[in-house]
Amino acid sequence: MAQFPEGFLWGGATAANQYEGAWNVDGKGPSTADMLTGGDVDHPRHFTKTIEPDTYYPSHTGSDFYHHWEEDLEYLHRMGFKTYRLSIAWTRIFPNGDDAQPNQKGLDFYRQVFKRCQEYGIEPLVTLSHYEAPYHLTEAYGGWQDRRVIDFFVNYAQTVFREYKGLVHYWLTFNEINMLQSPFGAYMAGALPLADGAPLTAPVGVRAGGDQLQAQYQALHNQFVASAKAVQIGHAVDPDNMIGCMIAAGVDYPLTSKPEDTFKADMSNNMRNYFCGDVQVRGEYPAFAKRFFNDNDIHLDITDEDRQAIAMGTVDFYSFSYYSSGVQTTTNEGEQTESNQTKTNKNPYLKYNDWGWAMDPLGLRITLNRIYGRYDIPLMVVENGLGAFDKVEADGSINDDYRIAYLQGHIQAMGEAIADGVDLIGYTTWGCIDLASAGTGQMDKRYGFVYVNRNDKQEGDYSRSPKKSFYWYKKVIASNGTDLSND
């Protein structure tokens with residue numbers, strides 16, 4: 001087994017809109033996530049312009065971290081976490097997004113969380129924007145396609161950088177920023193307006209003279225500028241701050257050895273891993289972006305000030321999510337599936353979970369080597385895990401050996417990548433305590449080491465209990481990744 005470096009940041013990850021709950025408590029304003037109903041693998045989530053009675057909105061309750069934060073952080077401490085990735089709900093700090101002053105109760109909530117992390121020796125890894133934005137910015141400005149939103153975000157970032165100086169040293173600007181290239185991300189990541197009652201992936205409302213793809217890439221560009229400006233401010237506030245990008249990464253294989261399949265897989269990998277990565281790490285758009293923009297008749301509003309900001313605001317590390325791999329082909333061969341909101345062909349050599357996601361640990365090693373080979377900066381895997389239906393036995397135990405097996409393979413793959421020469425500095429499994437799924441809104445799609453007694457029927461008292469994987473991951477951390485056995 002390859003050795004993980006001393007000081008490796010073992011931990012787990014959550015997101016405010018999926019986990020925190022208390023959606024309208026203590027001055028918090030409505031976010032884009034708060035307007036999305038629940039769904040499942042066969043029924044998409046829907047957007048509603050107003051909150052409808054007797055309708056389930058997963059973000060409204062999540063796992064109720066807002067009222068269980070002390071208990072939850074104690075669980076993380078018991079596992080020996082070195083880091084905990086969480087997001088700040090922008091609307092808990094600025095309820096409308098364009099407010100003149102922050103909400104003090106929101107600032108106070110996160111301060112107590114970060115101080116408790118500090119007491120436990122847990123380094124917070126904080127995402128500024130994780131699949132939510134103030135809903136007011138969607139209604140009043142059309143979301144991120146309006147460049148005025150850049151300044152609202154920068155003001156928010158500056159506020160929390162200053163407020164939590166000395167308590168937080170690791171930051172991410174936008175979660176899975178490249179998902180704004182997909183239909184799923186238009187509303188979820190870009191806060192672009194949807195029609196009332198529309199499914200999450202429906203065509204979004206755009207400004208006069210534009211189309212959906214144009215709007216999405218303009219919104220993405222505006223996020224690049226906002227991220228770059230935030231990076232510069234974060235470094236100015238505290239030179240010890242480490243600020244990273246966050247990409248939904250992975251690897252696509254060609255279905256056959258046909259050159260056309262190989263080229264399609266290569267271009268898919270470029271768009272997924274490097275389009276946003278080049279902008280945020282290298283400070284400029286990749287060469288292949290020009291061809292993509294021309295082919296799709298995309299004409300972005302990019303100013304000289306934008307170019308300068310992007311060039312000056314490059315990140316300190318590249319973080320990414322990895323769940324599964326995909327397959328690309330130019331033919332109609334093969335069976336289709338969808339993984340992390342991305343349509344792909346099934347790989348006959350891999351096993352799949354209940355949601356159609358391939359389980360491919362070697363793909364993580366390939367992804368780590370390719371990304372590090374391109375950028376040569378520290379990497380973090382900040383989302384990885386297995387969503388599954390967990391069964392509570394009569395004695396209260398939850399024997400999630402399938403989750404342990406999934407994580408074993410991926411930790412082994414990370415160890416091999418480190419032996420390959422990759423500078424990997426941290427690993428946070430997704431949903432370390434059960435939370436609502438972003439894609440489907442389900443509570444029954446569970447990732448955690450800690451079970452939350454809440455289900456898709458909105459039954460349960462939110463009580464917590466450790467699963468078998470809780471004790472296994474505790475042992476993994478204590479051994480710095482050398483003992484992965486499941487005894």
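Q: Is glutamate 139 buried, partly exposed or exposed?
A: Glutamate 139 counts as partly exposed, with a relative accessible area of 49%. Please keep in mind throughout that we are looking at a predicted model.

Q: Okay, and which residue does glutamate 139 form a salt bridge with?
A: Its partner is lysine 49, and the closest N and O atoms of the two are 3.7 Å apart. Glutamate 139 sits in helix 6 (residues 135-141), while lysine 49 belongs to the loop between helix 1 (16-19) and helix 2 (58-61), so the pair ties together parts that are 90 residues apart in sequence. Lysine 49 is partly exposed, at 44% relative accessibility.

Q: How many salt bridges are there?
A: The count comes to 26 salt bridges. One of them joins glutamate 305 and lysine 229, with the closest N and O atoms 3.4 Å apart. Here glutamate 305 is in helix 12 (residues 304-312) and lysine 229 is in helix 9, so this pair ties together parts that are 76 residues apart in sequence.

Q: What about arginine 446, which residue does its side chain meet in a salt bridge?
A: The side chain of arginine 446 meets that of aspartate 444, at 3.8 Å from N to O. Arginine 446 is buried, as its relative accessible area is 2%. Through salt bridges that share partners, Asp390, Asp400, Arg403, Asp434, Asp444, Arg446 and Lys467 are joined into one network.

Q: Switching to helices: how do helix 7 and helix 9 pack?
A: Helix 7 (residues 148-163) and helix 9 (residues 212-237) pack at an angle of about 25°, and their axes are 9 Å apart. The two helices are therefore roughly parallel to each other, and their crossing is right-handed.

Q: Which residues make the contact?
A: From helix 7 the contact uses Ile150, Asp151, Phe153, Val154, Ala157, Gln158, Phe161 and Arg162, and from helix 9 it uses Asn222, Val225, Ala226, Lys229, Ala230, Ile233, Gly234 and Val237. Sorted by class, the residues of this contact of helix 7 with helix 9 are 10 nonpolar, three polar and three charged. Lys229 in that list is the lysine that forms the salt bridge with glutamate 305.

Q: And how do helix 3 and helix 5 pack?
A: Helix 3 (residues 65-79) and helix 5 (residues 104-120) pack at an angle of about 10°, with 10 Å between their axes. They are therefore roughly parallel to each other. The contact involves Phe65, Tyr66, Trp69, Glu70, Leu73, Glu74 and His77 of helix 3, together with Phe109, Gln112, Val113, Arg116, Cys117 and Tyr120 of helix 5. By class, the contact of helix 3 with helix 5 has eight nonpolar, two polar and three charged residues.

Q: Last topic, the backbone: what is phi of aspartate 26?
A: Phi of aspartate 26 is near 55°, which is a positive value in a residue other than glycine. Most residues other than glycine have a negative phi. Aspartate 26 lies in the loop between helix 1 and helix 2, and it is partly exposed, with a relative accessible area of 33%.

Q: And where is aspartate 376?
A: Aspartate 376 is in the loop between helix 13 (361-375) and strand 13 (379-383). Phi of aspartate 376 is near 55°, again a positive value in a residue other than glycine, and at 55% relative accessibility aspartate 376 counts as exposed.

Methods
Residues are numbered from 1 along each chain as its sequence is written. This is a predicted model: local features need pLDDT of at least 70, side-chain atom pairs count only at pLDDT 80 or more; totals for chains, interfaces and linings use all residues. Side-chain values use heavy atoms; hydrogens and water are left out. Axes are lines fitted to C-alpha atoms, for helices over the stretch in contact, and angles run from 0 to 180 degrees between N-to-C directions. Helices (H or I, at least four residues) and strands (E, at least two) are DSSP runs, numbered from the N terminus. Angles under 35 degrees count as roughly parallel, over 145 as roughly antiparallel, 65 to 115 as roughly perpendicular and the rest as oblique. A crossing is left-handed if the near helix is turned anticlockwise from the far one by less than a right angle, and right-handed if clockwise. Contact means heavy atoms within 4.5 Å. Ala, Val, Leu, Ile, Met, Phe, Trp, Tyr, Cys and Pro count as nonpolar, Asp, Glu, Lys and Arg as charged, and the others, Gly among them, as polar. A salt bridge is a side-chain nitrogen of Lys or Arg within 4 Å of a carboxyl oxygen of Asp or Glu. Buried means under 20% relative accessible area, exposed over 50%, partly exposed in between (1.4 Å probe, protein chains only).
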